Amino acid sequence: MQRCFAVLMVLVFVVCTARQTYAMTATTEDAAISASSWLMLVDGGDYVQSWQTASRFFRSAITAATWSASLQAARSPLGSLIRREHRESQLATSLPGAPDGEYCILSFTAELTNKKSAVETLTMMREADGQWRLAGYFIK
């Protein structure tokens, strides 16, 4: 009887862990899909639209004109995108300088025509409507 109970407990643990891992994977996949869509705007040079589709938090921190000029200055010298690969994702509920909430920090490696190895870091924020939207972008 004790052996059956032990096996049952192991199965419960495995199922619960699998569900939690699946939920985390689904969440990070949703954030990655939103991030990739946002990056397509940037890759296409549609910087104003990238601002318009960003989170309310992001839009309150910078104007569309300032964002567009900053992104133009940062991205144009690097050239066109050749390829991009998603490296990692990390979930967070608290970030410095931002309200508590649901965040996903994603990093991508990118090869551009004038920069063979760049790292793009996007912070995605889940907004009240359940959608993941950009809260921060950095390219190095």
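The legends below describe close-up views of a predicted model.

In this model, local features need pLDDT of at least 70 and side-chain atom pairs count only at pLDDT 80 or more, while totals for chains, interfaces and linings use all residues. Residues are numbered from 1 along each chain as its sequence is written, and side-chain values use heavy atoms, with hydrogens and water left out.

**View 1. The chain and its order of elements.** The chain has four helices and four strands, where helices (H or I, at least four residues) and strands (E, at least two) are DSSP runs numbered from the N terminus. Read from the N terminus on, the elements run α-α-α-α-β-β-β-β. Of the 140 residues in the chain, 31% are buried; here buried means under 20% relative accessible area, exposed means over 50%, and partly exposed lies in between (1.4 Å probe, protein chains only). The chain exposes about 8,800 Å², of which carbon and sulfur atoms supply 59%, with accessible areas taken from the Shrake-Rupley method with a 1.4 Å probe and, for residues, only the protein chains shown counting as cover. Among contacts (heavy atoms within 4.5 Å) between residues at least 6 apart in sequence, 48% join residues at least 24 apart.

**View 2. The salt bridge between arginine 75 and aspartate 43.** The side chains of arginine 75 and aspartate 43 meet in a salt bridge with an N to O distance of 2.9 Å, a salt bridge being a side-chain nitrogen of Lys or Arg within 4 Å of a carboxyl oxygen of Asp or Glu. Because arginine 75 lies in helix α4 (residues 64-75) and aspartate 43 in helix α1 (residues 2-43), the pair ties together parts that are 32 residues apart in sequence. Arginine 75 is buried, with a relative accessible area of 3%, whereas aspartate 43 is partly exposed, with a relative accessible area of 29%.

View 3. The side chains of glutamate 120 and arginine 84 meet in a salt bridge at 2.7 Å, N to O. This pair links distant parts of the chain, with glutamate 120 in strand β3 (residues 115-126) and arginine 84 in strand β1 (residues 81-92), 36 residues apart. Glutamate 120 is buried at a relative accessible area of 1%, while arginine 84 is partly exposed at 24%. Asp43, Arg75, Arg84 and Glu120 are linked in a network of salt bridges.

**View 4. Strands β2 and β3.** Strand β2 (residues 103-112) and β3 pair in the antiparallel sense over nine bridges, two strands being counted as paired if DSSP finds at least two bridges between them. The bridge partner of isoleucine 105 is threonine 123 in β3, and a hairpin joins β2 to β3 through two residues.

**View 5. Strands β3 and β4 and their turn.** β3 and strand β4 (residues 132-139) pair in the antiparallel sense over seven bridges, and threonine 121 stands opposite phenylalanine 138 in β4. The two strands form a hairpin with five residues between them, and glycine 130 in the turn has a positive phi of about 90 degrees.

**View 6. The salt bridge between glutamate 127 and arginine 133.** The side chains of glutamate 127 and arginine 133 meet in a salt bridge at 2.8 Å, N to O. Glutamate 127 is buried, with a relative accessible area of 18%, and arginine 133 counts as partly exposed at 22% relative accessibility.
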